[in-house]
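Please open the model in your viewer and keep the selection panel at hand. The tour moves from one selection to the next and says what is there at each stop.

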Amino acid sequence: MEKGSGRGRRQFLKMAVLSAGGALCAAAPARAQAAGEVLQVWSCGGLAEAMLPANADFEAASGAKVVYTGAFAAALGKSLLGSATTDVFAGRVLDLARKLRAEGKMIWFKPLCFTQYVVVTPKGNPAGIATIADLARPGVKVVLAPEASPPGGAAALKILEKAGILDAAKKNAVVMGSCVQRTMDDIVSGRGDAAIVELRLTRLPAFAGRMDVVAIDQGLFPPPPMTFTVGVMTSARNRPLAESYAAHLLSPAGQSQFERMGFVPALSDKGRQLVEHYGVKDV
């Protein structure tokens with residue numbers, strides 16, 4: 001698409017909405033005058049590394065400016081349930097999206113992506129961790145963070161409990177910390193042999209390529225929050241533009257950014273299964 005082409009930008013907005021399908025098609029964003037428009041987007045901080053390149057792609061194609069804020073989902077949600085406003089919100093807690101809808105703060109929401117959990121080990125996997133059961137093996141140095149902000153520490157403990165090895169893994173713990181990113185540091189440095197974290201953390205620039213990853217059976221995953229949604233807010237100043245932006249995140253190009261950062265895209269076959277499993281429906 002030729003840079004600066006108003007026709008090209010309008011076509012992008014139209015195609016973005018059509019690619020997302022469903023109710024978005026009715027917004028007719030091809031009429032939006034995107035060049036020079038400002039779109040305010042909020043999301044929980046865990047999505048930031050995927051949102052930033054997705055935002056840049058949207059800016060380049062639409063001519064609009066995305067003003068992005070990534071922060072703790074509970075804090076953003078509390079603000080939005082009060083007097084704060086934004087155009088688009090992508091949050092982690094499904095119940096929050098439902099509450100925003102129920103209170104008339106959000107026009108609609110759709111599933112965006114899902115988190116997933118893995119076992120991480122130092123590069124080369126010196127302790128030979130093959131499955132989560134190995135965290136109970138005598139001599140394995142386990143790193144836990146029970147005091148970490150939710151869902152980090154509690155999620156790992158729940159996974160260990162569902163695997164039937166919580167007590168044994170606790171006995172093997174060499175760290176009982178309060179921060180999941182410090183957990184990653186302990187693994188990279190070799191202080192610990194294994195920890196349970198969200199896959200997204202292994203894709204952060206500080207840790208990418210510096211550890212090995214062992215899959216965990218999805219049946220052991222903790223209860224929600226596992227779901228990320230994106231929704232257009234009632235306060236959106238330019239609804240067609242907000243609709244087009246959300247459609248971009250839900251398009252193959254937008255979804256690829258979330259997959260790259262360790263999430264399960266809602267658009268994927270696995271994502272569609274998870275939509276049904278967790279009941280991610282705007283009703």
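Predicted model: local features only at pLDDT ≥ 70, side-chain atom pairs only at ≥ 80, totals over all residues.

Residues are numbered from 1 along each chain as its sequence is written, and side-chain values use heavy atoms, with hydrogens and water left out.

**Aromatic rings**

A search of the whole structure finds five aromatic pairs; rings of Phe, Tyr and Trp (for Trp, its six-membered ring) pair if their centres lie within 6.5 Å, and planes under 30 degrees apart count as stacked, over 60 as edge-to-face and the rest as tilted. Select phenylalanine 58 and tyrosine 245, an edge-to-face pair with 5.3 Å from centre to centre and 90° between the planes. Phenylalanine 58 belongs to helix H2 (residues 48-62) and tyrosine 245 to helix H9 (residues 239-249), so the pair ties together parts that are 187 residues apart in sequence. Helices (H or I, at least four residues) and strands (E, at least two) are DSSP runs, numbered from the N terminus.

Next, select tyrosine 117 and phenylalanine 221, whose ring centres are 6.0 Å apart and whose planes meet at 70°, so the pair is edge-to-face. This pair links distant parts of the chain, 104 residues apart, with tyrosine 117 in strand E5 (residues 117-122) and phenylalanine 221 in the loop between strand E9 (211-215) and strand E10 (227-233). Tyrosine 117 is buried at 3% relative accessibility, and phenylalanine 221 is buried with a relative accessible area of 7%.

For a ring with a charge, go to tryptophan 108, where the charged end of lysine 110 sits over the ring, 5.9 Å from its centre; the rule asks for NZ of Lys or CZ of Arg within 6 Å of the ring centre and within 35 degrees of the ring normal.

**Cysteines**

How many disulfides does a search of the whole structure find? The count is zero, a disulfide being a pair of cysteine sulfur atoms within 2.5 Å. Select cysteine 44 and cysteine 113 together: the sulfur of cysteine 113 is the closest cysteine sulfur to that of cysteine 44, yet at 8.0 Å it is too far for a bond. Cysteine 44 is buried at 5% relative accessibility, whereas cysteine 179 is partly exposed at 25%.

**Pocket and cavities**

On a 1 Å grid over the protein atoms alone, a cavity is a set of points where a 1.4 Å probe fits but cannot get out, and a pocket is an open set with protein on both sides within 12 Å along at least five of seven lines; lining residues have an atom within 4 Å of a point. Grid points are joined across faces, edges and corners, and a volume is the space filled by probe spheres set on the points.

For the largest pocket, select Phe72, Arg92, Pro150, Pro151 and Arg200, which lie nearest its centre among the 26 lining residues. The space in this pocket is about 510 Å³.

There are two cavities of 30 Å³ or more. The largest cavity holds about 60 Å³ of space, and its lining includes Val143, Ala156 and Thr183. Helix H5 (152-162) is one of the elements that give two or more residues to this lining, and H5 gives the most, with three residues.

**Backbone details**

Most residues other than glycine have a negative phi, and most peptide bonds are trans. Select proline 224 and proline 225, which are joined by a cis peptide bond with omega of about 15°; proline 225 is in the loop between E9 and E10. Finish at asparagine 125, a residue other than glycine with a positive phi near 50°, placed in the loop between E5 and strand E6 (142-144) and buried, with a relative accessible area of 18%.

Note on methods: Buried < 20%, exposed > 50% of the residue type's maximum accessible area, 1.4 Å probe, protein only.
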